[in-house]
Amino acid sequence: MNAEKRYEIFSRLRANNPRPTTELNYSSSFELLIAVILSAQATDVGVNKATDKLYPVANTPQEIYDLGVEGLKTYIKTIGLFNSKAENVIKTCRMLLDRHNGEVPQTREALEALPGVGRKTANVVLNTAFGQPTIAVDTHIFRVSNRTGIAKGKNVDEVEKKLIRNVPKEFKLDIHHWLILHGRYTCIARKPRCGSCIIEDLCDFKEKTEI
Ligand code: SF4
């Protein structure tokens, strides 16, 4: 796909949703960090249900640490992998208190050193909480990038590298959310809704649907 086509795709996504953001509920960088850790292999809706009960009770590293692993589990037990997530969250809170004064660090290296935080989680936090132009390639972004042809790749690392190279600066901050939302609601995994897709005429996907 050439640069002009990509530019048109990004322009349409921006016109359609000028200020995209995450569907996770949060009111601080710490709340976002914990929500993103909890969201691995879980839906945002499921995570929001749990954090809507957790955060009014505990929404700082000290308060969540004080709940302990078992106490935290009572709030997040409806989320997949909650046992290991509870342990990681408590360890992360301890590390934030010990090393970062209870604040969420703003560098990739420090974020990825936190238990339960990988490259994708770090990218989401850097982008959404701190306004850095990082691109966290999840299953939706991977699929949309490959189907449309804006960044084809065999794995998430390849797609991330191509997106970073191919997305013009003016779109970098928001591309991550536009592609996730497009994948979640239009370019859905099992049956894309090409007939109601705003970039259908620009997309390289060969098996377009009519719905
Ligand atoms: S045209 Fe179809 S395959 Fe292409 S982005 Fe739109 S929904 Fe996805």
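## Helix-to-helix tour

H8 and H9 are roughly perpendicular to each other (a label for angles of 65 to 115 degrees). This is a predicted model, where local features need pLDDT of at least 70 and side-chain atom pairs count only at pLDDT 80 or more. Residues are numbered from 1 along each chain, and side-chain values use heavy atoms.

**Stop one.** Select residues 139–148 for helix H8 and 156–166 for helix H9; their axes (lines fitted to C-alpha atoms over the stretch in contact) come within 10 Å and cross at roughly 65°. Now show side chains: Ile-141, Phe-142, Ser-145 and Asn-146 of H8 meet Val-156, Val-159 and Leu-163 of H9 (contact is heavy atoms within 4.5 Å). That set splits into five nonpolar, two polar and no charged residues.

**Stop two.** Next, pick H2 and helix H5, residues 82–99: here the axes come within 10 Å and cross at roughly 150°. That makes H2 roughly antiparallel to H5 (over 145 degrees). On the H2 side, highlight Phe-30, Leu-33, Ile-34, Ile-37 and Leu-38; on the H5 side, Lys-85, Val-89, Thr-92, Cys-93 and Leu-96. Count them by type and you get eight nonpolar, one polar and one charged.

**Stop three.** Finally, select helix H3, residues 44–54. Which of its residues are buried (under 20% relative accessible area, with a 1.4 Å probe and protein chains only)? Look for Asp-44, Val-47, Asn-48, Ala-50, Thr-51 and Leu-54.

Note on methods
Buried means under 20% relative accessible area, exposed over 50%, partly exposed in between (1.4 Å probe, protein chains only). Helices (H or I, at least four residues) and strands (E, at least two) are DSSP runs, numbered from the N terminus. Axes are lines fitted to C-alpha atoms, for helices over the stretch in contact, and angles run from 0 to 180 degrees between N-to-C directions. Angles under 35 degrees count as roughly parallel, over 145 as roughly antiparallel, 65 to 115 as roughly perpendicular and the rest as oblique. Ala, Val, Leu, Ile, Met, Phe, Trp, Tyr, Cys and Pro count as nonpolar, Asp, Glu, Lys and Arg as charged, and the others, Gly among them, as polar.
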